[in-house]
Amino acid sequence: MKRTVRSLCSTALALTLGFTLLSAPAGVQAAGNADYNLTGFSQGNTGGGVISESNTAVYKKVYNATDLALALKKNSGVKVVEIMNDLNLGWNEIPSAAQTSPFAKHNDALTHPVLKQTGVSKITVDGFNGLTIFSANGSKIKHAAISVKRSSNVIIRNLEFDELWEWDESTKGDYDKNDWDYITLEESSGVWIDHCTFNKAYDGLVDSKKGTSGVTISWSTFKGDDGSSNSWVTRQINEMEANKASYPMYNYLRSSAVGLSKEDIIAIAGSQKKGHLVGATSLESANANLSITLHHNLYKDIQDRMPRLRGGNAHAYNIIMDATNARAAQTRITSGMAAAIASKGYKFGITSNGAISTESGAVLVEKSVIKDVQYPVRNNQTDPTNATYTGKIRVADTIYSLDGSSFRGSSDTAGSPLAPVPAAIKPFSWNGFSTLPYSYQLDDPSTLNARLTASNGAGAGKLSWSKDNWLKTSY
């Protein structure tokens, strides 16, 4: 297995060969850069293959919801779906011709003024073997949740997902009603999600469950809301500020009993609660099949689950968990405020967890950056005294900083702040194999921030490629 830290020599070689690195023009990336090869547990995934767009029987260009419904209908035979422009896919904003399988009406929005108008759709991609969904220009999909079921060799690339969050009054801030995830993978094998951007969502961002295996998520950005004057969260808070009596929880937070300002609430609500749930049901037998690789992803102000694994195997390398803004926002809630909020059964605050392994799952985090996450490594979420619920987790050569203090090392370094909590540590080993079944190349973690946040770094719309490059899996 090849695992190397890229050196100055390899950088010079890349430049000699014409690969685009940090000095390249913004948004331009030369084909041939092996950094973007498919690796991880999804290695071998072919997607829909490299198909000419002139083959209109299996290559579909999608301009609207009706086009998408036809392309993703079960047994359509379509292999490549190219999203040509931004798509607003809420149930109330798509035409009746699209209100059919694979589209379905999702749970009704209750509080966000935009979603109450547009509605929310669920799109079920069911029974495909070999499918690539991509955009050449980083198009945005809004107001929809995608569920991939009983499928294999699926690739999703260069898409942005947005506007799937609303304030939760119905479960008092527990966010346990709408079940809106941007992407959910179920009973599937071989899924690659690459160069995508995921904005704040009501529930999870990308969840994998029911024994789904062979997943790789790479070069993607996951982020909270920025709190700007017209941001998605700000629009929600403005609506409630103007109608406090209609929103008991919000009204209480703004009352003298708690004393939070509108600006406080925007800042605290801005970060994303959950990242990746891998294995939704505790101690489910299918959890043993779970496998996921996360690499070169930027998690910006995500509060939890990067990932959260139940059984199976997860490998995270060269990722950034940066919760700086979330950490700062947390200080706006005093201990007195927290007590007043809890006294009414409301949940409003910020969780601060990083990578989590439970139920004998194996998680390896390598050469990554974790910033301002209070509990960066956890190994039990249920009962620390019951080893059945404890997972195996190891961190190797990772940079960790919290409130200005910094550490670089591994979870087993003496005195390491990356040692798993709260249960007794289980020795690390993979489940079902002794070494990872794929090769991969590691970057030094000190280079990650510049690389992943660059104009040509992680996320959708960062690479200007010919279309056929999005259909390839190696360069």
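How many helices and strands does the secondary structure of the protein come to? The count is 10 helices and 29 strands, where helices (H or I, at least four residues) and strands (E, at least two) are DSSP runs numbered from the N terminus. The model is a predicted one, in which local features need pLDDT of at least 70 and side-chain atom pairs count only at pLDDT 80 or more, while totals for chains, interfaces and linings use all residues. Residues are numbered from 1 along each chain as its sequence is written, and side-chain values use heavy atoms, with hydrogens and water left out.

Along the principal axes, the C-alpha atoms fill a box of roughly 60 × 60 × 45 Å. The radius of gyration is 22 Å, in agreement with the value near 23 Å that a compact globule of 475 residues would have; this radius is taken over C-alpha atoms, and the globule rule is 2.2 Å times the number of residues to the power 0.38. Of the 475 residues, 57% count as buried (buried means under 20% relative accessible area, exposed over 50%, and partly exposed in between, with a 1.4 Å probe and protein chains only). The accessible surface comes to about 17700 Å², and carbon and sulfur atoms hold 49% of that area; accessible areas come from the Shrake-Rupley method with a 1.4 Å probe, and for residues only the protein chains shown count as cover. Among contacts with a separation of 6 or more, 71% are between residues 24 or more positions apart, contact meaning heavy atoms within 4.5 Å.

Empty space comes next. Rolling a probe the size of a water molecule over the atoms shows where such space is left. On a 1 Å grid over the protein atoms alone, a cavity is a set of points where a 1.4 Å probe fits but cannot get out, and a pocket is an open set with protein on both sides within 12 Å along at least five of seven lines; lining residues have an atom within 4 Å of a point. Grid points are joined across faces, edges and corners, and a volume is the space filled by probe spheres set on the points. By this rule there are two cavities of 30 Å³ or more.

The largest cavity has a volume of about 80 Å³. Its lining has 11 nonpolar residues, with no polar and no charged ones (Ala, Val, Leu, Ile, Met, Phe, Trp, Tyr, Cys and Pro count as nonpolar, Asp, Glu, Lys and Arg as charged, and the others, Gly among them, as polar). Among the lining residues are Leu-68, Val-125, Ile-141, Leu-159 and Phe-161. Ile-141 lies in strand E7 (residues 140-142) and is buried, with a relative accessible area of 4%. Beyond its neighbours within four places in sequence, Ile-141 is in contact with Leu-87, Leu-89, Leu-159, Glu-160, Phe-161 and Asp-162. Glu-163, 22 residues from Ile-141 in sequence, is 8.6 Å away from C-alpha to C-alpha.

Residues around the second largest cavity include Ile-302, Gln-303, Arg-327, Asn-353 and Asp-372.

The second largest pocket has a volume of about 410 Å³. Of its 22 lining residues, Asp-174, Lys-273, Lys-274, Asp-304 and Arg-305 lie nearest its centre. By class, the lining divides into four nonpolar, four polar and 14 charged residues.

Backbone details complete the picture. Arg-305, found in the loop between E19 and E20, has a positive phi near 65 degrees although it is not glycine, and this residue is buried, with a relative accessible area of 18%. Pro-307 lies in the loop between strand E19 (298-300) and E20, and the peptide bond from Met-306 to Pro-307 is cis, with omega near 0 degrees. A cis bond also joins Val-421 and Pro-422, with omega about 5 degrees. Pro-422 sits in the loop between strand E29 (405-409) and helix H9 (448-452).
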